[in-house]
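Look at the structure shown here and follow the chain from one end to the other. The paragraphs below go through its helices and then its aromatic rings.

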Amino acid sequence: MNFTPTPVPGPDAPLKAALRYGLIGLGALIVLSVAIGAAAAGMPGLWGALIGSAIGGGFILTTAAVVLFGAKLPPSTAGMVMLASWVGKMLVALLVIAILNQFDFYDRMVLFLTVIGALVIVLGAETYGVVRQKVPYVTVPDSTPETPPRED
């Protein structure tokens, strides 16, 4: 009889699955938004879809990657890394939007709708990836019983 045990996923399996499903969702969004954006607004729509996918998808996927990285750190350090990454992402997003505001080679409505779509689709895909994972857990009973054993 050949018995092969099923590998038990590690504690970071849900985070890895979230990142994997998020990337898949972003890939699907890029294909869909580029096709719709190019059909609706031509070349500016294509650029709006590509830039919107990069902004929205990068923003959300960076969070998942930082959480995966921070899971191996002590809690106070992980919190500091999360806060620093959030501030950094906000600054980068504001800087990119400020720079893009000077140009008109992209369609603003396509960019806006693609960013919103990226936020919804990538977050949904990451949530699906986390919820779909089966991570075993064990509850260890307290070593001292709360009630003394009954004697009959």
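The bend at a residue is the angle between two fitted axes, one for the seven residues that end there and one for the seven that start there. In this predicted model, helix α2 bends by about 25 degrees at Gly58.

Now take the chain as a whole. The chain contains 4 helices and 0 strands, and its pattern along the sequence reads α-α-α-α. Of the 152 residues in the chain, 29% are buried.

Begin with α1. Helix α1 has 29 residues, and the distance from its first C-alpha to its last is 41 Å. That is close to the 42 Å expected at 1.5 Å a residue. Just after α1 comes Gly42, which takes a positive phi of about 70 degrees.

How do the two helices lie against each other? Two packed helices are described by the angle between their axes and the distance between the axes. Helix α1, residues 13–41, and helix α2, residues 43–70, pack at an angle of about 170 degrees, and their axes are 8 Å apart. Angles over 145 degrees count as roughly antiparallel, and α1 and α2 are therefore roughly antiparallel to each other. The residues of the contact of α1 with α2 divide into 19 nonpolar, 6 polar and 1 charged.

Val34 is located in helix α1. Val34 counts as buried because its relative accessibility is 19%, and buried means under 20%. Val34 and Leu46 are 12 residues apart in sequence, while their C-alpha atoms are 5.2 Å apart in space. Phe59 is part of helix α2, and with 22% relative accessibility Phe59 counts as partly exposed.

The aromatic rings come next. A pair of aromatic rings is described by the distance of the centres and the angle of the planes. Rings pair if their centres lie within 6.5 Å, and by this rule the count comes to 4 aromatic pairs. In one of them, the ring centres of Tyr21 and Tyr128 are 5.3 Å apart and the planes stand at 85 degrees, so the pair is edge-to-face. Tyr21 lies in helix α1 and Tyr128 in helix α4, residues 108–132, so this pair ties together parts that are 107 residues apart in sequence. Are these two residues buried or partly exposed? Tyr21 counts as buried at 19% relative accessibility, whereas Tyr128, at 47%, counts as partly exposed.

Trp47 and Phe105 form another aromatic pair, also edge-to-face, with 5.9 Å centre to centre and 80 degrees between the planes. This pair links distant parts of the chain: Trp47 is in helix α2, Phe105 is in the loop between α3 (75–100) and α4, and the two are 58 residues apart. Trp47 is partly exposed, with a relative accessible area of 37%. Phe105 counts as partly exposed as well, at 36% relative accessibility.

Which residues do ring pairs link into a cluster? They are Trp47, Phe103, Phe105 and Tyr106.

Conventions:
Residues numbered from 1 in each chain as written. Predicted model: local features only at pLDDT ≥ 70, side-chain atom pairs only at ≥ 80, totals over all residues. Heavy atoms only, no water. Axes fitted to C-alpha atoms, helices over the stretch in contact; angles between N-to-C directions. Parallel < 35°, antiparallel > 145°, perpendicular 65-115°, else oblique. Nonpolar A, V, L, I, M, F, W, Y, C, P; charged D, E, K, R; others polar. Phe/Tyr/Trp six-rings, centres within 6.5 Å; stacked < 30°, edge-to-face > 60°. Buried < 20%, exposed > 50% of the residue type's maximum accessible area, 1.4 Å probe, protein only. Expected span 1.5 Å × (residues − 1).
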